[in-house]
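Please take me on a tour of this structure. I have it open in my viewer, and I would like to know what to select next and what is there.

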Amino acid sequence: MKEKERYINSDGERSEPLPGAFPATRYQGSKRKLVDWIFSCIADLDYDRVLDAFSGTTAVAYRFKQLRKQVTANDGLKFNRQVARALIENGTGTVSAKKVSRMLALAEKNGGPPGVIEQNFGGIYYLDQENAWLDRIISQIAREKDETMRALLWSALGQSCLIKRPFNLFHRANLSMRKKNVSRSFGNKKTWDRPFTETFPRFVEEFNRAVFDNGQENKVCGADPRELAGEFDLVYLDPPYTSKRGVSVDYRDFYHFLEGMLDYRRWSDEIDYNSKHLRLMRHPNPWSDKNQITACFEQVFERYRDSIIVVSYRGDGIPAIAELQKMLGRLKRKVVVYEARDYRYALSTRVAGEFLLVGQ
Ligand SMILES: C[S@@+](CC[C@H](N)C(=O)[O-])C[C@H]1O[C@@H](n2cnc3c(N)ncnc32)[C@H](O)[C@@H]1O
């Protein structure tokens with residue numbers, strides 16, 4: 001059995017085991033593997049109310065919750081807000097194995113007209129029978145009346161979808177990569193081929209195990225952090241990264257399929273049929289725009305000038321770390337910059353240089 005997570009303080013000492021166990025999520029830019037380091041950098045700070053302004057998988061928000069802080073998790077994507085509802089807001093609700101078995105049994109039954117995925121996504125991400133199964137399980141989940149259970153089920157289905165994807169993304173129509181019988185230097189064909197009927201219940205169990213109550217009223221939001229209401233003692237910012245060459249991560253593009261599942265009735269109207277991989281029509285996002293990202297940082301720092309501000313960013317991006325430090329220094333008495341040396345992102349051979357800026 002996995003050892004219970006522990007909190008490592010600034011002196012590198014290990015404390016009491018932490019409540020809950022964060023699931024093995026796959027997500028671009030997730031800080032899951034950096035959480036211990038991040039929290040060792042901020043161990044001496046004094047705060048209660050926390051905002052994780054770009055919460056993604058909630059890997060960081062979850063650790064704040066484990067430390068009994070009052071947590072608000074905010075993210076622009078619907079799918080991430082379901083995960084935050086399941087793991088951050090929710091303190092008690094879980095999905096029974098009986099309910100999952102009933103859902104699986106109903107989803108096994110064929111019949112009815114083809115759904116959105118079967119109609120549109122043939123040959124793009126999953127095999128035909130998998131597409132049809134997804135349509136049926138989505139309709140089962142959508143019928144679930146309890147919001148928290150729905151959130152747990154969406155979270156589990158999303159992770160089941162991601163582990164079957166080369167690169168764990170929906171950025172290319174590359175089902176052929178999975179189907180080809182060749183030797184590979186990356187990825188895991190065995191995992192890609194594992195049936196949904198095996199992975200989905202496993203992820204439901206994993207998300208169930210992560211549920212615990214920290215005695216606080218924790219919340220989920222979905223706004224641009226520059227415009228979010230509320231007062232926080234500490235604000236953690238982990239926005240999309242823009243490379244030095246000006247290339248940004250557009251999360252809605254990477255995870256459009258999960259967003260579509262969560263807006264199933266309107267999905268076909270929102271697809272950009274000119275794209276080969278049938279992404280959603282694009283919405284402008286200033287946080288993923290090389291010409292606006294620096295102004296976004298300036299505005300968000302100004303918005304939370306009275307809070308402790310903690311920023312995760314890469315060393316090779318726009319703006320540069322020195323510029324972020326200068327911007328924070330205009331508002332904060334003390335700015336400390338930490339570097340996680342030798343950190344490599346999944347599938348990357350380069351050492352990225354991951355930084356944490358703390359402004360008090
Ligand atoms: C680097 S990821 C955060 C990863 C997260 N800290 C984790 O450990 O999983 C950046 C997140 O910002 C979100 N995001 C991008 N633009 C946004 C916006 N305008 N408003 C709110 N969230 C946004 C994305 O959906 C993505 O989940």
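Start by selecting Leu278, which counts as buried because its relative accessibility is 9% (buried means under 20% relative accessible area, exposed over 50%, and partly exposed in between, with a 1.4 Å probe and protein chains only). Leu278 sits in the loop between helix 13 (264–270) and helix 14 (293–303); helices (H or I, at least four residues) and strands (E, at least two) are DSSP runs, numbered from the N terminus. Look at its backbone too: Leu278 has a positive phi of about 50° although it is not a glycine. Most residues other than glycine have a negative phi, and most peptide bonds are trans.

Before you go on, note that this is a predicted model, where local features need pLDDT of at least 70 and side-chain atom pairs count only at pLDDT 80 or more, while totals for chains, interfaces and linings use all residues. Residues are numbered from 1 along each chain as its sequence is written, and side-chain values use heavy atoms, with hydrogens and water left out.

Next, select Arg68, in the loop between helix 2 (59–66) and strand 4 (70–74). Arg68 is not a glycine either, yet its phi is positive, about 65°. Is Arg68 buried or partly exposed? Its relative accessibility is 47%, so Arg68 counts as partly exposed.

From there, move to Gln216, which touches Arg68, Lys69 and Gln70, not counting residues up to four places away in sequence (contact means heavy atoms within 4.5 Å). You will find Gln216 in the loop between helix 10 (196–210) and strand 5 (219–221). With a relative accessible area of 33%, Gln216 is partly exposed.

Now pick Ile318 and Pro319 together: the peptide bond joining them is cis, with omega about -5°. Pro319 belongs to the loop between strand 7 (308–314) and helix 15 (321–329).

Time to go inside. Select Ile42, Phe64, Leu157, Phe200 and Phe257, which touch the most other members of the largest nonpolar core, a group of 83 residues. Such a core is a set of buried Ala, Val, Leu, Ile, Met, Phe, Trp, Tyr and Cys residues joined through side-chain atoms within 4.5 Å. Helix 7 (residues 147–163) gives this core its largest share, nine residues. Zoom in on Ile42 and you can find its contacts with Tyr47, Phe64, Val310, Leu356 and Val358, leaving out residues up to four places away in sequence. There is also a second, separate core of 25 residues, with Ala53, Cys296, Val300 and Ile321 among them.

Then select Phe79 in helix 3 (residues 78–89). Phe79 is buried, at 5% relative accessibility. Beyond its neighbours within four places in sequence, its contacts include Trp154, Gly158 and Leu262.

Finish at the ligand. How many residues surround the ligand? The count is 22, and the closest are Tyr27, Lys31, Thr57, Asp75 and Asp238 (a residue is near a molecule if one of its heavy atoms lies within 4 Å of it). Show the distance from a ligand nitrogen atom to an N or O atom in the side chain of Asp238: 2.7 Å. Then try a ligand oxygen atom and an N or O atom in the side chain of Asn80, which are 3.2 Å apart.

Technical notes
A polar contact is a pair of N or O atoms within 3.5 Å; within protein, one must be able to donate a hydrogen and the other to accept it, and residues adjacent in sequence count only if both atoms are side-chain atoms.
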